[in-house]
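User: I would like to learn how to read aromatic and charge contacts in a model. Please start with charges over rings.

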Amino acid sequence: MAVDMSSRAKGFLMKALGIKLQEGEPNDDHVIHGHMQSIRNSDCFVEQEPQTADFLLGLIPTGPQIWQYLVSLFPFISWIGHYNLQWLMGDLVAGITIGAVVVPQGMAYAKIANLPVQFGLYSSFMGVLVYWFFATSKDITIGPVAVMCQLTGGIVSDMEKVLPDVPGHVIASALSILAGSIVLFVGLIRCGWIVDMISLPALSAFMTGSAITIAIGQVPTMMGISGVSNRDAPYLVLIHTLQGLPRTGLDAAMGLSALFLLYTIRAFCGFAAGRWPKHQRVFFFLSTLRTVFIILLYTLVSWLVNRGLPAGQEKFKIVLDVPAGFQNAGVPVLNKRIAGELVGYLPATVIVLLIEHIAISKSFGRVNNYSINPSQEMVAIGVTNVLGPFVGGFASTGSFSRTAIKSKAGVRTPFAGVITALVVLLALYALPAVFYFIPNASLAAVIIHAVGDLITTPNTIYQFWRVSPFEVFIFFAGVITTVFSTIENGIYCTVCLSAAMLLYRILKGKGRFLGHIEVKSMLDNNVVGEPPRRTAEYGTFTGHRYAAYRNVFLPITHADGSNPVVDLDTPYPGIFIYRFSEGFNYPNASNSLQYMVDHIFARTRRTNLATFDRPGDRPWNNPGPSRRQLKAAATAGVAPGEIGVNTDLPTLKAIILDFSSVNHVDITSVQQLIDVRNQLDRYTAPDIVHWHIACIHNRWTKRALVAAGFGSPASHCDGLQHRWRSIFSVAEIGGSQSAAAAAEKEANEKEANRRSTLASSLDVETSPKRGGSSGDSADRKSSISRNVAIHGTNRPLFHVDLTSALQSAIANVEASAEFRTGSDVVIQPPSLPRSVNPSSSTSTLGKPLGQTPNNKR
């Protein structure tokens, strides 16, 4: 009773709001019954539509999902209980190695960021200490990196003009907190997939352009050339450096020789590792620690040269005083004034924090056979950058060079970061006196040597060209923009160009018309699956379940690179198979469907060539033959409607849509499909076009298509035009008084007049042949095997594959043709027996698990 009342209330409300239910709900018994008798000795399956309420309920997390989310925020819980001595030894070696590398690199990168060297150590300490709590990668090392420091340095320089009273390290810390908070939020809501919007060429261009920018910016320091601002555009820095070569000082000796030694040691270790493979690991560590060796060597040289000299009279520039410990630890300064000035720099900062770190972690995860969670990595980056400023740190992210070293050093778990933090802590408290004499030129050489590996090699660019030539232009556009402008502009340039390329491909994506061909697989001149069991004409296997011959569908234009010698055409006269290539959504629906319609029009003719009996009946954009052509046609006995028409072309009978590349549809794409369906029904009047759709993988896509009238046979077969109900169309505004309704009424009036004229001149009206013999039915009943329907019998025009769709389309076309034989004109087809319904559909059947299918209809 309650259900009855609910249904009545629902019906009353829908009537009051003017909501019209779709005619013939697809789950109704009378719809199913019309197609059930074509499936004998099989289990019926009625597919239910997905409900919005179920979708919304699925978005609400369950208790176990909430617990799993909370646990996933601290991945170390899953492995810390299994920690053992063997893991500790591997982490100890890797942690100490990275600590020895990160100390000189952190100090050098702080100089790029326009900050004193100790701030690089602060950032290095907090990065490696915090990361292991949240890490899903054992290899990543978080700390100062060249690109992020270059970006931070530029922002600090810009802020000196706007906020002259705010120290640079305060600006850097505020930037770190703001950017880290954004990244942390994105990670907590598990939107790590957002980094996939940045393509590899964009990442490569960003890294290459940044490396060139950094290297050029460090040349004046390495050469001891004063008066050159490394915050100008890179090409200006290079020009000013060349102009300042006469001012080169003794720093050049400390810088150029250090750079030469760095490359020499690496080359020698690489050669020696190949020459003496047994000692490969020894040479690896020697190569890894070359930076430490160079810094210690040139610090010793600097101490010998500059000891005893008063401050300001050194032979070359050195680091000078470095305070011990965490002198800048405390609550960072972040107010509305500072935040307001930094807002414009946040997009570029967030992008730099994310793209390099996620790309590195994914790459090393695949190399070392584990998977990372991008969202959780964002949490790790976010927490590091939010907490780092409390000890004086600035923006940090994953380092490529240190990650590679850590991986090769044999790291076992993320806990190695704690050991690295202890090494940095020791350096902060025990080595500030040694840091005093480090030459700035040698630090510049270390930076240039470190970023050199980030430059994309010509061979990689060539591989880009082989895979996607257009993306090479995106790469060079990003590099050139970075070199002649700024890193931020280079990032925006590559991201926007990549997005534009993707959008263009989606917008201009065209589907492919497929042709049918029978193929076999060959192995050593033998057919795989012998003895050969050929298939039936349209794909039904005969005999052995593993038939040697099978049906495939290839683009008829051979656009997929298939052998052009293979002759492909439409699989059946008047039936077209169309595969969408770039999905089917509102950006590409119009272009894709227009291409389909143009192709069909070029290869078919109108069903009724007498549509335009008088010149005035023709549309303005198709005025038809001239008077001279009409006279010539009359003399030759050619009907006016056949002038200029290739009567050998078939009429359009059915369209099969391949949805294998379509996951979702939207209102716009479905509405345009309805419009095309109405257009083609007018083209084939008084017949209608049968629409079959194969390979639908999404229940919501099925629901959308069913709501638009697809999936079930057309209920009208009176030869008149019946437009399919639109979802929303401007031409439908006005309901029964709309332009679309008026056009339909006019066309049907013309058809009715034409029929009465023809009927008065004909005395014969024949009934169609009735097919479906009892013997055929008996044959089907003789099958003792039980089959089950794969797709719902309430949606007979949705098919599991193209073969079944083609079989169904051909069966429909041939069944419809049977009712027209025996007479030139059929004024009104009588009601048809269900056994030979012209809109009948083959059903794809399958065996229950454990049985062998032996029947497919």
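Analyst: A charge sits over a ring if NZ of Lys or CZ of Arg is within 6 Å of the ring centre and within 35 degrees of the ring normal. Here, Arg307 lies over the face of Trp303, 4.7 Å from the ring centre. The charged end of Arg677 is over the ring of Phe710, at 4.5 Å from its centre. This is a predicted model, in which local features need pLDDT of at least 70 and side-chain atom pairs count only at pLDDT 80 or more, while totals for chains, interfaces and linings use all residues. Residues are numbered from 1 along each chain as its sequence is written, and side-chain values use heavy atoms, without hydrogens and water.

User: Which ring pairs with Phe710, and are the two buried or exposed?

Analyst: Rings of Phe, Tyr and Trp (its six-membered ring) pair if their centres lie within 6.5 Å; planes under 30 degrees apart are stacked, over 60 edge-to-face, the rest tilted. Trp691 and Phe710 have ring centres 5.8 Å apart and planes at 80°, so the pair is edge-to-face. Buried means under 20% relative accessible area, exposed over 50%, partly exposed in between (1.4 Å probe, protein chains only). Trp691, at 2%, is buried, and Phe710, at 3%, is buried.

User: How are the rings of Tyr83 and Phe415 arranged?

Analyst: Their centres are 5.5 Å apart and their planes at 65°, so this pair is edge-to-face. Tyr83 is partly exposed at 24%, as is Phe415 at 23%. Both belong to one aromatic cluster, whose members include Trp79 and Trp87.
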